[in-house]
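This briefing concerns the structure shown below.

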Amino acid sequence: MTTSIHITALDGIVNVNSLFTLAVFLGLTWNPSDPNSSFITDPTSPCAASRSVVENLVAFHVYSFSSFLFSSLLALALKQAFRITKSPNFHVPEFWTHINKDLVRVGLLVSGIGSVCGCVFLMLALINVVQFKLGSLSCGSGHTLAAVVPLVIFVPIGLLIYVCIVLYAFTR
């Protein structure tokens with residue numbers, strides 16, 4: 001029932017999520033109220049990030065962390081289920097033999113969706129980090145735009161490739 005495509009997809013999900021979870025965790029430890037954290041010297045400047053940007057920064061980090069953790073736990077649970085069913089001491093009931101492939105597909109899909117959501121929230125958190133450090137997007141600062149534009153181009157392209165591979169594994 002299990003193929004190397006399923007195992008490889010689950011391994012990929014767990015590996016990528018682990019790296020991103022570490023990055024998000026480190027991002028949550030960052031203190032945005034530190035006055036040396038921003039390149040904007042005048043906090044009353046119209047380009048200074050508002051309080052809502054800092055609140056969104058923390059919220060998006062938490063959303064991203066929970067999405068990656070959910071996705072990884074689901075992928076690890078699927079891998080564990082594969083190990084249990086391949087154990088010589090485990091006898092698969094008739095019920096599982098009929099729905100197992102569908103459950104694996106749904107599990108892969110849901111785990112992939114969790115990873116995609118985590119990446120989107122991480123991208124939004126990084127946009128808020130850029131706004132906090134370099135100035136809000138509404139000011140049109142060249143440095144802010146130079147940091148945000150590649151982020152909103154490359155991350156969706158990478159996610160599109162990732163979604164295509166997960167959907168390929170989902171259909172096999």
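Does Ile-165 count as buried or exposed, and what is its relative accessibility? The model is predicted, and the classification rests on computed accessibility. Ile-165 has a relative accessibility of 55%, and the cut-off for exposed is over 50%; therefore Ile-165 counts as exposed.

**Nonpolar surface**

- Ile-165 is located in helix H4, which covers residues 142–171.
- Ile-165 also contributes to a nonpolar surface patch of about 790 Å².

**Nonpolar core**

- Nine residues make up the largest nonpolar core: Ala-9, Leu-10, Ile-13, Val-14, Ala-75, Leu-78, Phe-82, Val-104 and Leu-108.
- At least two residues of this core come from each of helix H1 (4–29), helix H2 (51–86) and helix H3 (94–134).
- H1 provides the largest share of the core, with four residues.
- Ile-13, a member of this core, touches Ala-75 and Leu-108, among others, when residues up to four places away in sequence are not counted.
- On that basis, the residues touched by Ile-13 also include Ser-71, Ser-72, Ser-111, Gly-112, Ser-115 and Tyr-162.

**Salt bridges**

- Two salt bridges are present in the structure.
- One of them joins Lys-79 and Asp-11, whose closest N and O atoms are 2.3 Å apart.
- This pair links distant parts of the chain, with Lys-79 in helix H2 and Asp-11 in helix H1, 68 residues apart.
- Lys-79 has a relative accessible area of 14% and is therefore buried, the cut-off being under 20%.
- Asp-11, at a relative accessible area of 27%, is partly exposed.
- A salt bridge also connects the side chains of Arg-51 and Glu-55, at 3.5 Å from N to O.
- Both Arg-51 and Glu-55 belong to helix H2, where they are four residues apart, about one turn of the helix.
- Arg-51 is exposed, with a relative accessible area of 65%, whereas Glu-55 counts as partly exposed at 46% relative accessibility.

Key: Residues are numbered from 1 along each chain as its sequence is written. This is a predicted model: local features need pLDDT of at least 70, side-chain atom pairs count only at pLDDT 80 or more; totals for chains, interfaces and linings use all residues. Side-chain values use heavy atoms; hydrogens and water are left out. A nonpolar core is a set of buried Ala, Val, Leu, Ile, Met, Phe, Trp, Tyr and Cys residues joined through side-chain atoms within 4.5 Å. Buried means under 20% relative accessible area, exposed over 50%, partly exposed in between (1.4 Å probe, protein chains only). Contact means heavy atoms within 4.5 Å. Patches are made of residues with over 30% relative accessible area and no salt bridge: like charges are joined within 9 Å, nonpolar side chains (Val, Leu, Ile, Met, Phe, Trp, Tyr) within 5 Å. Accessible areas come from the Shrake-Rupley method with a 1.4 Å probe; for residues, only the protein chains shown count as cover. A salt bridge is a side-chain nitrogen of Lys or Arg within 4 Å of a carboxyl oxygen of Asp or Glu.
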